[in-house]
Amino acid sequence: MTRTYLFLLAAAALILASCSKGPMAGPDPDPAVNPPGNNPSNKLTGTWKFAGMELKGQSVTSASDMEGNTLRGITDFDYISIENKGTVTFDERMMTSKDISYMVDTKVKGSTYVNGELMESEELPWRVTIPASGSSASYELKANDSLYSQASTVSFPGIDAPLTGQPMACKLSWKGDTLVLKSRVNYTKNSSANGTATIVSSSMDQVTKLVRK
């Protein structure tokens, strides 16, 4: 059962399909936010190649078994996507992602507790390919450096279908022809596995890069 919970946690690592990403050797230093002109939307409009995503965070799975034991699994993850594909197009009010896909090939660190006692802690390989997908959502710019959408689409590896209508906020910055979107994602899901109710809570920081096409 231990490994089942560890992999449930690993499956919670996530993507914002609307806010897409290409190859990233590592995170870049934070660039200055100085888009030219008085209308910041002029800096976004057009088509961008998905250039990569970095995701760092933690997932916690909580459950109680039929014997009344309290189960808790914690997974820490930190990865950069590879084999990034797809595009994101912005007009003045809509953002549309098309054929976004990538691969994750990393390790996750998992710990399992029963009734508060550490039962197991290990590092496990995790390799998953995210199939191509697309979505559209309206957005608005706030000041010169923030993007907000009330109805973005969120996709999770291991989740049956994308979640629609999710609020999303991104901090924007530019470095040459690269657009960098930083966001913090919090997610909670109730589910059931093998007759046991579980609650998965995830909190993560995401950095997405788009390159002008």
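Reader: What does the accessible surface of the protein chain come to, and what share of it belongs to carbon and sulfur atoms?

Author: The model is a predicted one, and the value is computed from its atoms. The accessible surface of the protein chain comes to about 10600 Å². Of this surface, the share belonging to carbon and sulfur atoms is 50%.

Reader: Which residues of the largest nonpolar core touch the most other members?

Author: Buried residues make up 47% of the 213 residues in the protein chain, and the largest nonpolar core has 30 residues. At least two residues of this core are supplied by each of β2, β3, β4 (82-90), β5 (94-114), β6, β9 (163-175), β10 (178-193) and β11 (196-212). The members that touch the most others are Leu-44, Phe-90, Leu-147, Leu-172, Leu-179 and Leu-210.

Reader: Which residues is Leu-179 in contact with, leaving aside its neighbours within four places in sequence?

Author: Leu-179 is one of the core residues that touch the most other members. Once its neighbours within four places in sequence are left aside, Leu-179 is in contact with Leu-44, Trp-48, Phe-90, Leu-172, Ser-173, Trp-174, Thr-208, Lys-209 and Leu-210.

Reader: Why is the pair of Tyr-79 and Trp-126 edge-to-face?

Author: The structure holds three aromatic pairs, and one of them joins Tyr-79 and Trp-126, whose ring centres are 6.1 Å apart. Tyr-79 lies in strand β3 (residues 70-80) and Trp-126 in strand β6 (residues 117-138), so the pair ties together parts that are 47 residues apart in sequence; both residues are buried. Planes over 60 degrees apart count as edge-to-face, and the planes of this pair are at 65°.

Reader: With which side chain does the side chain of Asp-145 make a polar contact?

Author: Asp-145 is found in the loop between β7 (140-142) and β8 (146-155), and with a relative accessible area of 18% it is buried. At 3.3 Å, the partner in the polar contact is the side chain of Ser-146.

Conventions: Residues are numbered from 1 along each chain as its sequence is written. This is a predicted model: local features need pLDDT of at least 70, side-chain atom pairs count only at pLDDT 80 or more; totals for chains, interfaces and linings use all residues. Side-chain values use heavy atoms; hydrogens and water are left out. Rings of Phe, Tyr and Trp (its six-membered ring) pair if their centres lie within 6.5 Å; planes under 30 degrees apart count as stacked, over 60 as edge-to-face and the rest as tilted. Helices (H or I, at least four residues) and strands (E, at least two) are DSSP runs, numbered from the N terminus. Buried means under 20% relative accessible area, exposed over 50%, partly exposed in between (1.4 Å probe, protein chains only). A polar contact is a pair of N or O atoms within 3.5 Å; within protein, one must be able to donate a hydrogen and the other to accept it, and residues adjacent in sequence count only if both atoms are side-chain atoms. Accessible areas come from the Shrake-Rupley method with a 1.4 Å probe; for residues, only the protein chains shown count as cover. A nonpolar core is a set of buried Ala, Val, Leu, Ile, Met, Phe, Trp, Tyr and Cys residues joined through side-chain atoms within 4.5 Å. Contact means heavy atoms within 4.5 Å.
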